[in-house]
Structure formats: structure tokens, C-alpha cells
4 protein chains.
Amino acid sequence: MKKQGRRVEHIEVRGDMTVDELVREFGKSGVFSAGRVAEACDIFYEMVSHKGVTKYLGLAGALVPCGMRQIITDLIQDRMVDVLVTTGANMVHDMIEAFGAAHYKGSATVDDSELCRLKIDRIYDVFLHEKDFIKYDELFVKMLEDIPSRQMSIREFLYEIGKRIEDPNSILRTAAEKKVPIFCPAVADSAIGLDVWRFMSKHNPNLFVDAFADLNDFMNIVQKAKRNGAILLGGGVPKNFILQAMITVKRGGYDYAVQITMDRPEPGGLSGATLEEAKSWGKVKGGARAVQVIGDASVIFPLMVAAVRERLAKAKR
Amino acid sequence: MKKQGRRVEHIEVRGDMTVDELVREFGKSGVFSAGRVAEACDIFYEMVSHKGVTKYLGLAGALVPCGMRQIITDLIQDRMVDVLVTTGANMVHDMIEAFGAAHYKGSATVDDSELCRLKIDRIYDVFLHEKDFIKYDELFVKMLEDIPSRQMSIREFLYEIGKRIEDPNSILRTAAEKKVPIFCPAVADSAIGLDVWRFMSKHNPNLFVDAFADLNDFMNIVQKAKRNGAILLGGGVPKNFILQAMITVKRGGYDYAVQITMDRPEPGGLSGATLEEAKSWGKVKGGARAVQVIGDASVIFPLMVAAVRERLAKAKR
Amino acid sequence: MKKQGRRVEHIEVRGDMTVDELVREFGKSGVFSAGRVAEACDIFYEMVSHKGVTKYLGLAGALVPCGMRQIITDLIQDRMVDVLVTTGANMVHDMIEAFGAAHYKGSATVDDSELCRLKIDRIYDVFLHEKDFIKYDELFVKMLEDIPSRQMSIREFLYEIGKRIEDPNSILRTAAEKKVPIFCPAVADSAIGLDVWRFMSKHNPNLFVDAFADLNDFMNIVQKAKRNGAILLGGGVPKNFILQAMITVKRGGYDYAVQITMDRPEPGGLSGATLEEAKSWGKVKGGARAVQVIGDASVIFPLMVAAVRERLAKAKR
Amino acid sequence: MKKQGRRVEHIEVRGDMTVDELVREFGKSGVFSAGRVAEACDIFYEMVSHKGVTKYLGLAGALVPCGMRQIITDLIQDRMVDVLVTTGANMVHDMIEAFGAAHYKGSATVDDSELCRLKIDRIYDVFLHEKDFIKYDELFVKMLEDIPSRQMSIREFLYEIGKRIEDPNSILRTAAEKKVPIFCPAVADSAIGLDVWRFMSKHNPNLFVDAFADLNDFMNIVQKAKRNGAILLGGGVPKNFILQAMITVKRGGYDYAVQITMDRPEPGGLSGATLEEAKSWGKVKGGARAVQVIGDASVIFPLMVAAVRERLAKAKR
């Protein structure tokens, strides 16, 4: 055991700091969550500034409703992300905004039965009007009519959707444009699923989305990459899907991994499992740079992206 | 606002208590987590003892690896559960045991790179030998060869698997026997997915599992039920899939709902969202009996099942 | 590293189980929180059934308001606890009940400004009427007049209080009767503190309670004990006070330690620190039986006490 | 109920942002933790920029070991804090550094029994060498010899210590210089307590620190203040001590309150209780600006201080 690490230097804060200057102060301390956030920024910067790293972003949790849509779109636009793995809900909420509706600041301490009567759906302290949801349902079902009724993978299906969206701030559209594949293993578990079900009951089309076909595409990406780096916001299916692929790769494992989550290891589920645990499976390399930040993605991820973009801007000069 | 609830009576503990006697003491207190556990038992008992309640069980988290397999199998056997919604992993671990292998008591504070070299996969403090995983892969792929290569839903696919398992303690087999449907929206996100991918790459069969087809079956069950009750262990896809179906039902919403989880509402994700939030969406009825227990399912769920079985046994006499 | 622990056996639940029978099923699994609860019961049973173990109970959190008062009183009565370390608030709420008032079942989702107007104080989902608090203030200040105005330690001060309480279910009274010392380092941080302040401002007495004097008594107990065992409900001052004493003992450290808490290690505070961390300081022995259960004390502790009392009852026969 | 709050605008991140520019983006979203952090900054800025607000800072958790010492010292130096309430441990670690020793970056996944043999004390991922602790003990006991042996309050006792410290970065010294009182109700629950005990056993002096005397000073401050604002890092005794004082004030309650913590309300303890709950007691005013951020203080607090200092610097120009 190393008896002596370096000294914990105390964080200093001034009134004219850039975000990365603050993050570097976190790095001076190097311990507790501050140290972990600094390490996460270092890892993400290495992922985007080194050539030959394929970069995966996992999205679990209500990231679009809470205001993270633009950050994700911009990362795809700037190709700081090569592969997206997401819950269905984040793509639904991307479309809700693409179709002209919005999310609203509400409150988490309300009478939900009363909200139900007012036709407002609640996502923690975000409100969504059911009329906006209905508008989305209509426009999305109309879009489905336009999609060729053939056998396809979930990735292809989401690409067909993305191509048909006009809003330049849309994650789905930007990913389609930039050829960033979107994987969404549990797509049926979202309003997309409900709408496809409605559509198929009514129109009985031959649209046939294969539950397993994506794995082939995903494995191809993972296996061809020189180096792999994963940024995981939350846990859930996106975390597991991104990590599990490495089991199929000989001497595989992510070279870089960052998870930002409020989940913890003690309940034993994969969402809160440490990235160390992932090393036992070969999902993350023994020698990988990996860090898990126990914190809220809505704060920590914008902070990370700002610090990394600042470094990139400075490196360019 | 009700100024005065009933008095908090103090829990009394003796040396000869049955589990339900302890739970009834929790009910005397009625507050904090103790009160919530007592309420959860009352709700589950009402669900299983009243006629006409369709009972859904959502499984997220490593419930089979931590020793909950028999409890789940027995609930299906005794038809205390009518519909199962699960992560893929729990079905994989059910098969690993069905094929003769086991999970082992390990430790959560180990050198995971060393574990990797020893070919041991870690799930918190559970160890799994890779040789057992390989054995599972082989036997499962062999089983796949036997499954008719046709288009089917995920539910049908899992039923085909369940029919072919011999172990009477298997969740998959018992569900197949008892005609309890198993839904698994993210089935590709598990070793089942990896094995189907391996199988299809090699054998190029015409097995087509439809990502959306299950929704039809699930909606039929939900819409035909007189009353609906959900027991949710953890959150994730199973929680969302069970709840979202109600959005399609006019004046719908679960009549009973219990969630046992360590997730919390503040990060904003669906896993930790309160059951109150679900009322705003119409997923849970405004007047439903619903309670969320912040606790570990490996302790709280066996306690609940023991208390409810004790009440059922007493009611029979 | 031990490659192979014993097999995880699946928990079986019947309709006629005693609490300890359920706990023994948790032990068969041996992993996740179920395994930890089983281990906690084994440790507590060993502490109370072996001779020569001095048993410390740390109380942090609103344990009396949530219905745990009788359990604690009974443990003192049966001398299953030798030393109590507590927050001030638990002793205040013990007195509130001793003086004839009660806590009431309320709700955690209420308008707190409205509660304030109704003169109801909220403790999560427990309500307390301000009139009962005022009654306590009056009776406690009257008691203070009776206490000799001399220099004393906090322990002596609480003993003087306990002697003057008549309610046989009172923790303070039972501890005074059974000569179980109560330590409360932050006694000023409670209504006891506020009332002593009120009393001293008005009456200007010579009551002097020494902030440090208790350490002498506590060190004497710790240093004379053959073996030491700590049960920690929550963290806070009681956990730290119980553990820190061992730093003064040569080759010291608790031989047994159980903590039940919802706090976690990642924020770095002592409340959620692992019992492993305590080993580095010599607060817990390297070879100690120690387990931390991440769970709610209002459920886990009554369960533990019921299981241990069942074993004691069986051992007597 | 307000049906419609303002629209959730999406956070935008560039490569040249100051910390406050990022925080203002959080404010544009306004929801989830991002919104809460923005609100916390607004409140803290209002507290320090408006005249007549008495500002309390509560310190619980290992804030000095993790690198927050300088931030706290600077806040006192710039009188952005008027009153400090702390655990004993933070003052101990302040002295350890004042006496020339340091904390070191270690690891949270180590063999703690081995650390014990190496005479290293662990605080999550911070290491502290026992030789540095012994040096502190010696120098502190020497300091005690110099402190007049009379009756005093804990606040006076800490002031006597602060006066004797030479390190200009010390919290204790800076507070003594700037006449910022330090309250530490559980001072005995720390190495300060252990050292006073050692000192008194050996030297039998007449140093007599009164457990209750501080309340008088604290109440005077609270009652004389025009407006009161509390910043609470963690919960514990500092949170309760700061809040409880308001119970004694007619129509009292904090006008501003911010808590940064990883504790949650569900276990029912005061540490994780919402600031809403505090309104029922009159500890926080019904109309107060109050926000609780579920996050790690080592990241969130430096971020807040940087944003607020930036606003102050801009306001000056």
C-alpha cells in the first residue's frame, strides 16, 4: 500500500474564475467528490482530445425535461460523442420540444390528484401539459405513416425518426445528420412504444422493429474501436448496454469510464455498481482511467462539459 | 388539514413473535419506514385476498443473485402474481441456476482486477464463476436452436425458453407452466441478448423477436382487468413499463401500488419518483392505496411476503 | 483472495415463520442487505449472550417520535444495554411522553406554513402539538428547580432528571433505576438546552454542567471492560463519541460493532463512514465482528431485537 | 395551484464561461438540482450583499480534511460569515494543519487493518498520519496549559485557542481575529475533548467549560439580528443548533436558509429534514427564501462561493 499520496491542498476561490479554473482547484484537493469531479473532467478531456477514442454517452433519467437537451445536441454536433445509448423517454421529450411544445418549471410538493385533473403530468419539479403530449402523439403517429414498413433495427428506426425532425436543436435530428447512432434497447418502454402500438393496432402495417438486431451494430463499433470511452449519466439500461458489449471482446474493456449518478452500490443493482465491479467482468479494463461521481447529473455534467470545452478552446489557440 | 392523526404507539418486541406480529407492531407506530412497511403489507394482502385484482410484479436489481429466486417462483406458483415484468439479467441468472450452477457469497471489498484474472464476475458481494456463465451460454444457445425460427414477441420468446427448462424452482419454467406472462422490454440488454446475437451471427436463422409486439398483450391485460395492483421491486424499466400502460386506459390507474427501492425522487428519474407523481399522469389512481418504502428489497420483500402468507394461512383456517 | 465462498441459498418464506426463522433465511442467502441483517443479529446475540461484553447503544435520529421508545426502555430494563449515548432530542421526546403527551401520525406532504399556524411541529410524518411542548417546558423547568445547583457532568445531570421521572416506560427513568449511564455530549443542542438557558436566565442558579467531565466516566467504562460491543442507530455525535474513546485505549477497539443507517461513505462524514474505516483508527479491532446495514432503523432494529430475544428465549429453555 | 410556471430553458455551455455564467445557465433551467444550485447562489448573494443580515455557517462533515479550509477562512476574513457553528473535528483538523502537518490523498478501497499497522488514520479517501496527530496532541495540550483555568463557555474556550494559533490560514485564528464567534456544542465529541480529558487527568486544573453557557450568547445574536440567514453544510448538531434558536424568538425564523447535504428526509432525522419541515417549527419563516440542495458540499459549496464572489466583484465595479 502506498503510505503517502500527495498533500491535500485547500481549494481557493476567487471572484473571477472560469469553470475550469474551479475544477482545477477541485483537483488540487484531489479527494472526496471534488477530487472525483476533477478526475472526471481529466478523463473526458483525454477522451475527446486524443485521437482514436470511440466515445459513448449513456443517458438515463429525465435529462431532456430538466434542461440538458442542448448540451447533448451540441456534444453530438461537435462529435464529442460518437454513440448514444438512451432511455426511450429522453427521445420522447426531445420530440415534444421539436414539435414546438415545452417543459415548465413546476413544483415537487403539490397535490398530484389535482394536477391530474388539471391535465398536467409531473416529472419531479417539471410540469408537462397533456395537450402537448397529445400534440406529440399526433405528429409522431403521422411521422410513423411516412416511415417505410419494413424490418429494421431500433437504431435504424430512430434514424428514420431523426431524419424527419426539423428542429436543429433536436438530439434525434442532430444525431441523424452527424451519423451518430442512437441505441435504445427498451424503446417499447416509452411513449414511442405506446404510439407504435396505437399505430399498429389501427393501421396494421408491416413495420417490424427487431429487438435484438442492434447488438450486431453495437458490437461492430465496440470491436473495431482502437480505444473506448464511456460517459454514463445515471445507470439503468444505457449503462448496462454500454458496458455488457465488452464481455464479447477478447481482452476488452473500456479504456475510459465516467459515471455520474446518485445510485449507490449497496442495494446490489447494476445502476449503482462501482466501475471497479465492472473490472471483474472485463467491462472496464484493469488499467482504465475510471471514476464514479456520486452527484446529480444536472449540475455535474454541465460543469464537466464547460471545463472540457474550455480546455479544448485553449488547446486550439 | 387534519390536525390530529392517531397517536403513535410504541413498537413492542417479544421473544416469540411471528413475522406478521412484528409487522403489526410497525403498524401500531404507523410512521417513518416502519409505518410504510406495515402499509405495504396491508396493500399486498388486500391485492392477493380480494378477488378480481390483477397482480403485477416488477423486478429490477440483482434479485436472483441475492437469493430471492425461490420467493418469486413460489409467488407465481401460488398465483399471488399474475404478470411479471423483469430485467433480462434476472432471467439470465434464473437460467444459470436452472442449468446447475450457483452464485457464491463473496465480498464487495476486493481487488476486481485480480477477480478478473481469476475469472470471477462480481455482483456487489456475490461471486459468479465465468465457467458457469460459459456453461449457461452453451446450453442457452443449444436451446435457441430448438426454438422455432419465426416472428414472435419477447413474451412469446421467454415462454419458449420457460417451456424448455426442467428445474422446478425456475422462475421462467414456473411462469410458463402457470401461464404467467413474462415481459422484458430490454431483453437485448442482457446475456440473453448477447447469446441471441452470437447465435444469429453464426446460424443466421429467421428468429425475429419484435421489440414492440408485447405492448399489445400487456395492454389487453391491463384494460381487461377489473382492478390492478403493482408490486415494484426497484425501479428501472419494469417500473416504467408497468406504470406507463395505464396512460392508455380511460380513467385508468393502478388501484394498488407498492414500491420498494433505495432510489429517491430528488435526481428526477422515474426509478425514484414517488407514487404520488404517478398520480399526476393517471398511472396510479388518485384514490389508490399506494406506498413507497425506501429500503432494500432483499430484506423488505421477504418480510412482506412472510407477513402476507401468514395472514393468508390464518384466513384459511 | 478466497475464490469460493459458500453457495448463495435462496430465501424461503412460509406462512408461519417467527422473526428469527426469517432472519435465518436471510443468513442462508448471506449476501446483500439480507446477509448483513442476519450478521447484525448474530453479532448482537453474541454480545448479549456472552459474558463480559460491555454493550453500548448509540441513538441518533428521531427514534422516540417514531415509536422506538419501548424497545429501548426494555433493552435497558433487561440489561441488554449497559451504556446509552444519545442526542438530546431523544431524551426530550422521552420526557414529552413521560409527562403525559403523545406524538401523532401526520403526513410528510403538507403545507408547513399552515402547520405553523396550527401550532403543530412536524418530524417527517409525525406531528407534535406545541401545547404539549409547552407543557413539557413547564414541567421540565419545574424539575430543574429541584435539581441541586452544583457542578456536575452531563451524565450526572441526566441521572438527576431520570430519578425525577415517574413514567415506568421512560428511557431516562429506567436508565436511572438500572444504573445505565446516559451520555449526551451535545445536550445543549436540544430543548433541554433551551430550557436550561431559560431557567438560568430567570433564576440565575449555580447549576454548572461541565462539557468535558463525562469523558472521564466514559473512558473508565471503556478501559475497564473486557470486551466492548457497540450498536449504533444512525451516526452523528453518538457514533463518534462511542467510537473515539477507543483511541485512548492501548490495543483497543470494539470487539463487536453494528451500525444501522441510511448514511453512506461517499460524502466523507463520520456518520456514513464504514466500520472498516474505523479499523484504521483503532476504533474497531482488526479482527472484530462488525457489520453496517444500510437500512432504516425503524424497521431493521425492531427486527433485530425480536430475533435476538427469540434466540435468548430458546436458549433459556 | 399555479398551472404554468415559466418554460424550462436548456442549459448552454461554452468554452469560456465563468463560474457564475454557468450558474446562471442552471438558473435558466430552474429545475432539478441545477435549479436548486442556482437558487442557493441567489440566496447566498442576497445574504451577503444586503445590509443587516446576520450570516450563520454550519459545518458538519469532514470539510477541513477534504480541502475546504481556505474557503471557510476567507469567508470569515471577508466577513461573509458572522457566526460559525461546527463539529469539534473540523476545528481539530484546522489545528493539525495550523501546527504544520497535512492531510494526504489516499484511497477509500484499502485494507484498513493494514492502515492501522502503518499508523495511518483514514477519512474516506484522505489519509492522516498518526505522528501528525500525536504532534497535534502535544502542542494542543501545551496550549491548554497557557489558557486561564477559569469557568468559561465553549465559545470562549475556542476563542482562547484561536488567539494562540499563528497560522493565518487557520479558521480558529481568523475567527478570533475577526471576532466571529465559533459555537461547538459537541466539543467533547472530538480530539479536543480527548485532549482536555488527558490534560485534566494529569494536571487537575480548574478549567471549567460550561455545556450550556453558549446558548446565552447565541440567543443574543439571533434575537438582536434584523434578519438572519443560514448556510448549512451537512446536517448534524450544527444544523440543529442553528435552527433551534429560533424557537425562542417571537415571530422568529430564518429569513434565508440554504442546506447542502446528501442526507434525505425519509429516515426522519433532523440532518436530512427538509427546510419546509423547519417552517412548521418556526425555525425558518413561512415566507423565507430557502432551498435544500441534495449534493456533495465539497463540489457545490466552492461553486456557490465562486459564483457569489463573482457577483460581488462585478457589483463593486
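**Exercise 1. Find which residues of helix α9 of chain A are buried, and what they pack against.**

Step 1. Start with burial: a residue is buried if 20 or more other C-beta atoms lie within 10 Å of its own, exposed if 12 or fewer, and partly exposed in between, with C-beta atoms placed from the backbone. In α9(A), the buried residues are Ala191(A), Ile192(A), Gly193(A), Leu194(A), Asp195(A), Val196(A), Trp197(A), Phe199(A) and Met200(A).

Step 2. Keep in mind that this is a predicted model, where local features need pLDDT of at least 70, side-chain atom pairs count only at pLDDT 80 or more, and totals for chains, interfaces and linings use all residues. Residues are numbered from 1 along each chain as its sequence is written, while chains are lettered from A and ligands numbered from 1 in the order in which they are written.

Step 3. Now look for the partners, using contact (C-beta atoms, placed from the backbone, within 7 Å). Within chain A, the buried residues of α9(A) pack against α4 (88-98) and α6 (130-146). From chain B, α10 (214-224) and α11 (236-244) join in. Helices here are DSSP runs (H or I, at least four residues) and strands are too (E, at least two), numbered from the N terminus.

Step 4. Check the length: α9(A) covers residues 191-203, so count 13 residues, with 18 Å from first C-alpha to last. That is close to the 18 Å expected at 1.5 Å a residue (1.5 Å times one less than the number of residues).

**Exercise 2. Work out how α9 of chain C and α10 of chain D cross.**

Step 1. The two axes come within 9 Å and cross at roughly 90°. Axes are lines fitted to C-alpha atoms, for helices over the stretch in contact, and angles run from 0 to 180 degrees between N-to-C directions.

Step 2. That makes α9(C) roughly perpendicular to α10(D) (under 35 degrees is roughly parallel, over 145 roughly antiparallel, 65 to 115 roughly perpendicular, the rest oblique).

Step 3. Zoom in: Gly193(C), Leu194(C) and Trp197(C) meet Leu215(D), Asn216(D) and Met219(D).

**Exercise 3. Describe how chain B relates to chain A and touches it.**

Step 1. Turn chain B by 180°, with a shift of 0.0 Å along the axis, and it lies on chain A with an RMSD of 0.0 Å (least squares on C-alpha atoms of residues with pLDDT of at least 70 in both). That's the relation of a two-fold axis.

Step 2. Their contact takes 59 residues from chain B and 58 from chain A. On the chain B side, α9(B) gives the largest share, six residues. That side has 32 nonpolar, 15 polar and 12 charged residues.

Step 3. The copies meet through the same surface, because 98% of the interface residues of chain B are also interface residues in chain A.

Conventions: Two residues are in contact if their C-beta atoms, placed from the backbone, lie within 7 Å. Ala, Val, Leu, Ile, Met, Phe, Trp, Tyr, Cys and Pro count as nonpolar, Asp, Glu, Lys and Arg as charged, and the others, Gly among them, as polar.
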